[in-house]
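Here is a short briefing to read with the model open beside you.

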Amino acid sequence: MLSVKKNIPNILKVLLIIGFGYFFWLMLKITLEYIPIKTEVSFLLIKQTEVSERPEYLYFFYTHVYTSIFVLLSGFLAILRKDFGLKNFHKNIGKLYIFLILIFAAPSGIYMGIFANGGIYSKISFVLLGCLWWISTFQAYQMARQKRFKEHKQWMWRSFALSLSAVTLRMWKVIIVYLFHPNPMDVYQIIAWLGWIPNILFIEYLIAKKYI
């Protein structure tokens, strides 16, 4: 019985890696749809007003898309807290994760949130998500600089929970559309909030219970 209990964390780690690998592959497929650069494919098909009237929109959009896939990968590798035989791998991959979010992914996400589909409620959610994403990542950076590594770990988990909203948002969309067949704009208003609030609440629960 004792050996079974000891193996449970390892089993969970394996399941976590498998699950992340699957969803990362799905996100990579979405990203590859925009290579080479196209303006009439996938998500951009419903953003033609922004594409035609706001030339800067595409710059922010592609910045967000192209950096977010690396954010997911580097963030996952960072929270594993392994060096994989490479000197300072965890430290360097964490720096990459933080740099990509603070300079590229979060600011571009905030800009895109201003023009999100679904009306004012969706816009508020996506802008708020982008701001919290930036703040939690910056806090993780500050804690690391101050060598407050427990707090650094907790803020990194908060940040990564928000990074995963790109995945959970799409999961909820599939579930809601399949079960309820709502109006497309209603879907955006729901998943705009559902994509990230459960994530951060779950992490706060784990932190409160001292699992993180």
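**Helices, pockets and backbone**

α4 passes α5 in a left-handed crossing (left-handed means that the near helix is turned anticlockwise from the far one by less than a right angle, right-handed that it is turned clockwise). This is a predicted model, in which local features need pLDDT of at least 70 and side-chain atom pairs count only at pLDDT 80 or more, while totals for chains, interfaces and linings use all residues. Residues are numbered from 1 along each chain as its sequence is written, and side-chain values use heavy atoms, with hydrogens and water left out.

**Helix packing**

- The axes of α4 and α5 are 8 Å apart, and the two helices pack at an angle of about 165° (axes are lines fitted to C-alpha atoms, for helices over the stretch in contact, with angles from 0 to 180 degrees between N-to-C directions).
- α4 and α5 are therefore roughly antiparallel to each other (the term covers angles over 145 degrees; under 35 is roughly parallel, 65 to 115 roughly perpendicular and the rest oblique).
- On the α4 side, the contact includes Tyr97, Ile98 and Ile101, and on the α5 side it includes Trp133, Trp134 and Tyr141 (contact means heavy atoms within 4.5 Å).
- By class, the contact of α4 with α5 has 16 nonpolar, three polar and one charged residues (Ala, Val, Leu, Ile, Met, Phe, Trp, Tyr, Cys and Pro count as nonpolar, Asp, Glu, Lys and Arg as charged, and the others, Gly among them, as polar).
- α3 and α4 have axes that come within 8 Å and cross at roughly 150°, and these two helices are therefore roughly antiparallel to each other.
- The contact of α3 with α4 divides into 17 nonpolar, ten polar and one charged residues.
- α3 also passes α6 in a left-handed crossing, with axes that come within 10 Å and cross at roughly 145°.
- Val71, Leu72, Gly75, Phe76, Ala78 and Ile79 of α3 meet Met156, Trp157, Phe160 and Ser163 of α6.
- Helices here are DSSP runs (H or I, at least four residues; strands are E, at least two), numbered from the N terminus.

**Pockets**

- The largest pocket has a volume of about 1100 Å³ (on a 1 Å grid over the protein atoms alone, a pocket is an open set of points with protein on both sides within 12 Å along at least five of seven lines, whereas in a cavity a 1.4 Å probe fits but cannot get out).
- A volume is the space filled by probe spheres set on the grid points, which are joined across faces, edges and corners.
- Of the 30 residues lining the largest pocket, Leu16, Ile79, Trp157, Leu164 and Phe202 lie nearest its centre (lining residues have an atom within 4 Å of a point).
- α1 supplies the largest share of that lining, eight residues, and the lining of the largest pocket has 23 nonpolar, three polar and four charged residues.
- The second largest pocket has a volume of about 990 Å³ and is lined by 35 residues, with Phe43, His64, Met112, Leu169 and Arg170 nearest its centre.
- α3 gives the most to the lining of the second largest pocket, eight residues.

**Backbone spots to look at**

- Most residues other than glycine have a negative phi, and most peptide bonds are trans.
- The peptide bond from Ile35 to Pro36 is cis, with omega near -5°, and Pro36 is found in the loop between α1 and α2.
- Asn88 is not a glycine, yet has a positive phi of about 60°; Asn88 lies in the loop between α3 and α4.
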